[in-house]
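I opened the entry for this structure and kept notes as I went. They follow in the order of looking.

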Amino acid sequence: MDFVNQLQRKFIDYSSSLHREGIVDDQFTQLRKLEDENSPHFVMEVASLFFEDCEKLINNMAIALEQKQGVDFKQIDECIHQLKGSSSSIGALRVKNACIAFRSFSDGQNREGCLRCLQQLSHEYSLLKNKLQTLFRLEKQIVAAGGSIPRVH
Amino acid sequence: MGLKLQQSHHHQSVAVKGNEQMGTKRGYTFIQSNRDWLPKLILLWVMVMGFISTWIYKKMDADNNVRREEVLSSMCDQRARMLQDQFSVSVNHVHALALLVATFHYYKNPSAIDQETFAEYTARAAFERPLLSGVAYAETVVHSGREKFEKQHGWTIKTMQREPSRLRDEYAPVIFSQETISYIESLDMMSGEEDRENIVRARATGKAVLTSPFRLLGSHHLGVVLTFPVYKSKLPPKPTMEERIVATAGYLGGAIDVESLVENLLGQLAGNQAILVNVYDITNSSDPLVMYGHQNQDGDWAVVHESKLDFGDPFRKHQMICRYHQKAPTSWTALTNVFLFFVICLLVGYILYGAVIHIVKVEDDFREMQELKVRAEAADVAKSQFLGTVSHEIRTPMNGMLALLLDTDLSSTQRGYAQTAQVCGKALITLINEVIDRAKIEAGKLELETVPFNIRSIFDNVLSLFSEKSRNKGVEVSRDKTNRKPSLAVFVSDKVPEMVMGDLGRFRQIITNLVGNSVKFTERGHIFVKVHLAESTQPVADTKVETCLNGGSDEGLLISSACQFKTGYEAADERNSWDSFRHLVVDEELRYDAPINTIDEASRGFTLMVSVEDTGIGIPLIVQDRVFTPFMQADSSTSRNYGGTGIGLSITKCLVELMGGHISFISRPQVGSTFSFTTVFKRCNKASYNDTKKSIVELPSGFKGLKAIVVDGKPGKQNGHLFKLPKVILLAKNITNVELEKAKAAGFADTVIMKPMRASMAVACLQQVLGIGKKRQAGKDMLNGSPVLQGLLCGKKILVVDDNMAHQRVFAGALKKFGAAVECRESGKAALKLLQLPCCFYACFMDIQMPEMDGFEATHPIRMMESKANEQMNGGMDEDSGRKGEWHVPILAMTADVIHATYDAGLKCRMDGCVEAL
C-alpha cells in the first residue's frame with residue numbers, strides 16, 4: 001500500500017507542479033472533476049483528441065507558412081482560432097497564450113512573427129504533451145497498483 | 001465550468017443608433033441648404049430695393065410733372081382767353097369807328113366828318129383803345145378819280161416811302177388819321193405789300209383782318225395792323241364777294257401794339273414771374289412768326305403748353321406757347337420719401353440677413369451639439385458596456401468564491417460569518433448587476449420582472465448585510481461601554497404573505513438603500529424596519545387601547561413590561577413608536593386564526609407598506625424638499641463625513657414608482673428619520689412557486705410548535721421563533737473568542753448567537769445545536785453546488801454541436817455531470833438531421849464558427865421547420881386540446897467571441913441565448 005500512497009503523492013505533486021508552472025489552469029482541474037466512475041478516462045480521452053487536433057493544426061499552419069507564393073493568413077487565423085478554442089477547453093494555459101500571441105501576428109499578416117510563434121507553439125505543445133503523458137502514465141501506474149486516482153475536490 | 005452568460009447591451013446601442021438617425025434626418029432646413037446663396041441674396045435684395053426706390057422716385061416725379069403741366073395749361077389757357085377778349089374789345093372799337101365813318105362820312109351829304117372831327121373824336125375816345133397806337137381811315141380811290149380826289153384834298157397820294165404814288169388801278173390814301181399817327185395822312189395804303197393784302201382780304205370778307213407781326217414805326221414794338229372795311233351803302237343780307245368789293249368805300253385801320261397788350265395782360269395776372277409766354281403767328285406753319293416774347297430766352301423747354309388764339313381773322317392763325325421760367329425744381333419730398341424707403345428696406349434686409357445668419361449659426365451649433373451629444377451618449381454606452389464587462393468579470397470568480405464558502409462543516413459562528421460573507425457577496429453581485437441596471441434606468445429601459453420570493457428572507461438578508469456594518473460602527477464610534485451602537489430590527493406582519501410575486505432584486509435594492517442610509521446616519525438608538533399590509537394599519541389605531549387591556553400574551557411570548565422604547569430614543573414619526581408596534585403584534589396574534597389567503601385574493605395584488613425608522617441625525621429642514629434629487633446630499637460635509645454620492649434615494653424613488661408605489665419621509669433633525677414607501681405585489685400562487693426552483697434561503701419550518709423563552713434585557717428582538725428549553729443559547733452583542741470559550745467552559749451555553757438576531761442565523765445555530773442540520777454530501781455538489789441545476793438537467797437529452805472535438809468532449813462531459821444525456825455532432829448538417837421533427841432534445845448547444853454550416857445557418861432551417869409544424873398543428877388541434885403545441889428547441893450559441901454583435905446576430909437567427917465559452 002505504501003507504494004500506492006507514494007505514487008499517489010507523486011501524482012498530486014506532479015499535477016500541482018503543472019499548475020504552478022502555468023502549463024495548465026483551473027479548466028484542467030475542472031476537467032478532472034468531471035471524471036467519475038462512468039467515465040474514468042475522460043481527461044485522457046479529451047487530451048488525446050486535443051493532441052491529434054493540435055498536431056494536425058500545427059502541421060497545417062506550418063505548411064501554410066511555407067507557401068512561397070503568399071501565405072493564406074485567413075486559413076492560419078482559422079487554425080489558430082480552433083487551437084485556441086480547444087486549448088482553452090482543455091485548460092492548456094501556455095498553449096492558449098501562445099495562440100493569443102500568434103493571433104496578433106497573423107492579424108498583422110506578419111510572416112516572420114508567425115513563424116516564430118509557430119515554433120513557440122510547437123514547443124509549448126510538445127512540453128504539454130510530455131507533461132500530460134507523464135501524468136497519465138502515473139495515473140496508469142496507480143491504477144495498475146490497485147490504487148485510486150486522487151480526486152480533486 | 002467557467003461558462004458565462006453573456007449580458008446584452010444591444011438595447012443601448014440601438015438607442016444611440018436611433019439618435020444618430022434623428023440627427024441626420026433633422027439636419028437640413030431650407031436655409032441650411034441655401035446658405036451659400038445668402039450673400040448673393042442680400043445683394044440681390046439691395047439691388048431690387050434700389051430699383052424699386054428709383055421707380056417710385058420716377059413715378060412721383062412724373063406725377064409732379066403732370067401737375068405742373070396741368071397748372072401750366074390752365075394758366076396758359078387763361079392768358080390766351082384774356083388776350084383774345086382784350087383783342088376782340090379793340091377790334092369792336094375799330095368796328096364801331098368804321099360804322100361811325102360810314103354813317104357820318106358817307107350817309108350824310110355833305111360829310112359830317114372831316115380830319116379835325118375825326119382826330120378830335122379819336123383822340124378823345126383813345127382811352128377805349130389803349131392798345132391801338134392810332135387809327136386812320138383810308139378811302140378807296142380808283143385811278144380815274146385820282147385827280148379829282150387830289151384836287152379836293154389839296155395833296156397828292158403818296159406811297160409808303162413818301163413819294164408821289166405811281167400810277168395804279170386803285171389807291172387807298174389815308175384821309176382821316178388820329179393825331180398820334182398823323183404822319184401817315186395821304187399815304188397810299190395800297191402801296192405797302194402787307195397793307196394791300198389786308199385791304200383786299202378785309203373788303204372781301206367784311207371782317208377785321210390782321211397783318212403778320214412787324215415792328216411798329218413809332219415804338220419799335222411788335223405789332224399788327226388791323227384793317228376794317230367801310231362800305232358806302234348798306235349791303236344786302238348775304239352779300240357776295242363782288243358786291244362787297246364794289247360797295248367798299250374805304251378802310252379803317254389801326255396798329256395794335258401786341259407786345260404792350262400782352263405785357264399789360266400778363267402784368268395783371270398772378271404767377272407772371274413763373275411762366276414765359278410766347279405768342280406766334282402760325283399762318284405759315286413752317287415758319288412761325290413771333291408776335292410776343294423772346295425766342296432765345298432760356299426756360300424749361302421740357303414742359304410746354306400751346307393754346308390756340310382766335311383774333312377774329314379767318315386767314316390768320318395765332319398761337320400762344322407757355323412754358324416755365326425755371327426748370328422743374330428737384331422734388332425734395334419725393335427724394336426724402338424714397339431715400340427713407342430705401343433705408344428702411346436696407347435695414348429690413350439687414351435684419352433678415354442677420355436673422356438668417358443667426359439661424360444658420362444656431363443650427364450649426366445645434367448640429368455640433370447633437371454630434372457631441374451622440375458622441376457623449378456613445379461614450380456613455382461604452383462606459384456602461386465597460387462597466388457591464390467589468391462587473392461580468394467580477395461576478396464570475398465571485399460566484400466561485402461564494403459557492404465554496406459554505407461547503408465545509410462549520411461551527412455556528414463560522415457558519416454565521418460564512419453566511420454573512422455569502423450574503424454580502426451576493427449583495428455585491430446584486431450591486432454589480434445594479435451598475436448595469438442604472439444604465440438601464442438612465443436609458444428608461446428598466447423592466448421589472450415578476451418572480452416569487454420570500455419577503456422575510458429578503459429582510460433577513462438585508463439586515464445581516466448591515467448588522468455587521470453597524471456593529472463595527474458601534475465599536476468605532478464609542479469606546480465606552482454604554483449602549484451606543486444602533487440596533488437593527490425588522491418586524492414583518494404575519495398578514496404579509498410568505499411568498500409574493502414581484503421584482504425581488506429591485507425590492508431588495510430599495511430596502512438596501514433605505515436601511516443603508518439609516519445605518520450610515522445613525523450612531524445610536526435603533527433602526528427599525530416595519531413591514532405590513534397597507535390596509536392593516538387602520539384597525540390597529542382603532543383598537544389600540546382595548547388590545548392593550550386584553551394583553552394576550554398567553555403563549556409564553558415574553559413582552560417586557562418596560563414601556564420604554566427599545567433603545568430609549570425618540571423616533572421622528574410617532575406613529576411608529578414601540579407602543580403601536582406592540583399593539584400590532586398583539587392585534588395580529590388575536591386575529592391570527594383568520595384565514596388570509598383565500599382563493600379570491602390569491603391572484604389579486606396587494607399593497608405592502610414598509611417603513612424604515614432610525615434615530616440618526618435626521619435631515620435638515622431646508623434640504624428636505626430635495627432629498628430625492630440625484631446627487632443631492634444635505635450639505636457638502638455629508639459626503640465628507642459619511643461618504644456616498646447621494647444618488648441612492650433618487651434611484652430608490654424611481655424604483656418605488658416603477659413598482660406602483662410611492663415614497664415619503666418624515667424627519668426631524670437630531671431626532672431621526674422615517675422613510676415609508678408602498679409597493680404593489682401580486683400574491684404568489686403555489687404552482688408558480690413550485691415551478692421555479694429558486695434557491696431561496698428558506699427557514700425550515702421544523703421549529704413550529706417548539707416553545708422557547710427569549711431572555712433579553714430589552715424586549716422586542718424576537719417575535720416568533722421559539723427555542724427548545726434544554727439547550728441554552730447565549731445572545732450576545734459583541735463577544736470575543738476568549739469570552740466565548742469562557743462561556744462554553746462554564747457550561748453556560750451550547751453556542752452563542754451574535755446579535756442582532758437574524759432568522760437565518762438562528763436557524764443555522766439551532767440546526768447545529770439540535771443536530772438536525774443535514775451534512776452536505778461532499779463530492780456530489782461540488783460543481784457550483786447547484787442541486788437545482790442537477791435537477792433541471794437530469795435525464796434530459798441535450799445536443800452539443802461543435803467541430804472542435806476536444807471542446808465538444810469537455811462540454812459534453814460537463815453536461816453529463818449534471819445527469820444529462822448528451823449527444824454530440826460535429827457539424828451543423830449532422831445536427832440538422834438529428835433535429836428533424838419530432839425531436840426529443842431538451843436543448844441544443846451550438847458552436848457558431850463551424851466549417852460548412854455555421855451555427856446561424858443551422859438554426860435558420862430548424863426554426864423554419866418548427867414554425868411550419870406549429871402552424872399545421874395549431875390548425876388541426878386548436879379545438880379539442882386547449883394547449884397550443886409549440887415546437888421550439890432552445891438553441892444556445894456557443895462562442896469564445898465576446899463581441900456583442902455575435903449575441904445580436906444569434907438573436908436575429910432566433911437562437912435563444914448565448915453561452916460564452918472559454
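**Contact between the chains**

The model is predicted, with local features needing pLDDT of at least 70, side-chain atom pairs counting only at pLDDT 80 or more, and totals for chains, interfaces and linings using all residues. I note also that residues are numbered from 1 along each chain as its sequence is written, that chains are lettered from A and ligands numbered from 1 in the order in which they are written, and that side-chain values use heavy atoms, with hydrogens and water left out.

I then checked salt bridges between chain A and chain B, and that count is zero as well. The term stands for a side-chain nitrogen of Lys or Arg within 4 Å of a carboxyl oxygen of Asp or Glu.

Which elements of chain A touch chain B? I find that α2 (26-34), α3 (42-66) and α4 (73-90) each give two or more residues to that side of chain A. Helices are DSSP runs of H or I with at least four residues, strands are runs of E with at least two, and both are numbered from the N terminus. I sorted the residues on this side of chain A into seven nonpolar, eight polar and five charged. Nonpolar covers Ala, Val, Leu, Ile, Met, Phe, Trp, Tyr, Cys and Pro, charged covers Asp, Glu, Lys and Arg, and polar covers the others, Gly among them.

By contacts (heavy atoms within 4.5 Å), I have 20 residues of chain A against 15 residues of chain B. The two chains bury about 1700 Å² between them, 60% of it on carbon and sulfur atoms. That figure is the accessible area (1.4 Å probe) that the two parts lose on being put together, summed over both. A:K33, A:L34 and A:L49 supply 28% of the area that chain A buries against chain B, more than any other three residues.

**Chain A by itself**

I counted six helices and zero strands in chain A. Chain A has 153 residues, and 49% of them count as buried; buried is under 20% relative accessible area, exposed is over 50%, and partly exposed is in between (1.4 Å probe, protein chains only). Among its contacts between residues at least 6 apart in sequence, 68% join residues at least 24 apart. Chain A exposes about 7800 Å², and carbon and sulfur atoms supply 50% of it. Accessible areas are from the Shrake-Rupley method with a 1.4 Å probe; for residues, only the protein chains shown count as cover.

**Salt bridges within chains**

I get 13 salt bridges over all chains. Side chains of opposite charge can pair when their charged atoms come close.

A:D53 and A:K56 form one at 3.8 Å, N to O. They are three residues apart in helix α3 of chain A, so about one helical turn separates them. A:D53 is buried at 8% relative accessibility, whereas A:K56 is partly exposed at 48%.

In chain B, B:E170 and B:R203 form a salt bridge at 2.8 Å, N to O. B:E170 lies in strand β4 (residues 170-171) and B:R203 in helix α6, so the pair ties together parts that are 33 residues apart in sequence. B:E170 is buried at 18%, and B:R203 is buried at 10%.

I also noted B:R506 with B:D503, at 3.7 Å, N to O. B:R506 is buried at 9% relative accessibility, and B:D503 is buried at 4%.

**One arginine in α6 of chain B**

I looked up B:R201, which lies in helix α6 (residues 193-205) of chain B. Is B:R201 buried or exposed? Its relative accessibility is 13%, so B:R201 counts as buried. Leaving aside neighbours within four places in sequence, B:R201 is in contact with B:V209, B:L210, B:D313, B:F315 and B:R316.

**Positive phi**

A:Q109 has a phi near 55 degrees, a positive value in a residue other than glycine. A:Q109 sits in the loop between α5 (93-107) and α6 (111-144) of chain A and is exposed at 52%.

B:Q670 has a positive phi of about 70 degrees and is not a glycine. B:Q670 is in the loop between β19 (663-668) and β20 (672-683) of chain B, exposed at 58%.
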